Amino acid sequence: MTARARSSRADLDPKIQVVRELAPEYGAHLLAADGMFTALAAATGPEYWAADGVHPTPAGHAALASAWLRLVE
């Protein structure tokens, strides 16, 4: 993992944890997109899903939409 990626994770991971804690408290559906994108990136490389490592590409948006629909069905 690059220094930039480690820095990004250091900022992002606590935020993810707060969302995971708050979702059940508020009865919200939680789509674990971080884990989903990690698994997808392992198969194809992360650039296909989020070219800049943060913002989804069209394929990333399609994966999010599909996962959301499965979650709320």
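This is a predicted model: local features need pLDDT of at least 70, side-chain atom pairs count only at pLDDT 80 or more; totals for chains, interfaces and linings use all residues.
**Notebook: helix crossing and a pocket**

I looked at the crossing first: α2 passes α3 in a right-handed way, meaning the near helix is turned clockwise from the far one by less than a right angle. Helices here are DSSP runs (H or I, at least four residues), numbered from the N terminus.

Residues are numbered from 1 along each chain, and side-chain values use heavy atoms, without hydrogens and water.

Next I checked the geometry. The axes of α2 (residues 33–44) and α3 (residues 58–72) come within 11 Å and cross at roughly 125°. These axes are lines fitted to C-alpha atoms over the stretch in contact, and angles run from 0 to 180 degrees between N-to-C directions. So α2 is oblique to α3; under 35 degrees is roughly parallel, over 145 roughly antiparallel, 65 to 115 roughly perpendicular, and the rest oblique.

Who touches whom? I found Ala33, Met36, Phe37 and Leu40 on α2, and Gly60, Ala63, Leu64 and Ala67 on α3 (contact is heavy atoms within 4.5 Å). They split into seven nonpolar, one polar and no charged; Gly counts as polar, Ala, Leu, Met and Phe as nonpolar.

Then I turned to the second largest pocket, with about 190 Å³ of space. A pocket is an open set of points on a 1 Å grid where a 1.4 Å probe fits, with protein on both sides within 12 Å along at least five of seven lines; lining residues have an atom within 4 Å of a point. α1 gives the most to this lining, five residues.

Definitions and conventions: Helices (H or I, at least four residues) and strands (E, at least two) are DSSP runs, numbered from the N terminus. Grid points are joined across faces, edges and corners, and a volume is the space filled by probe spheres set on the points.
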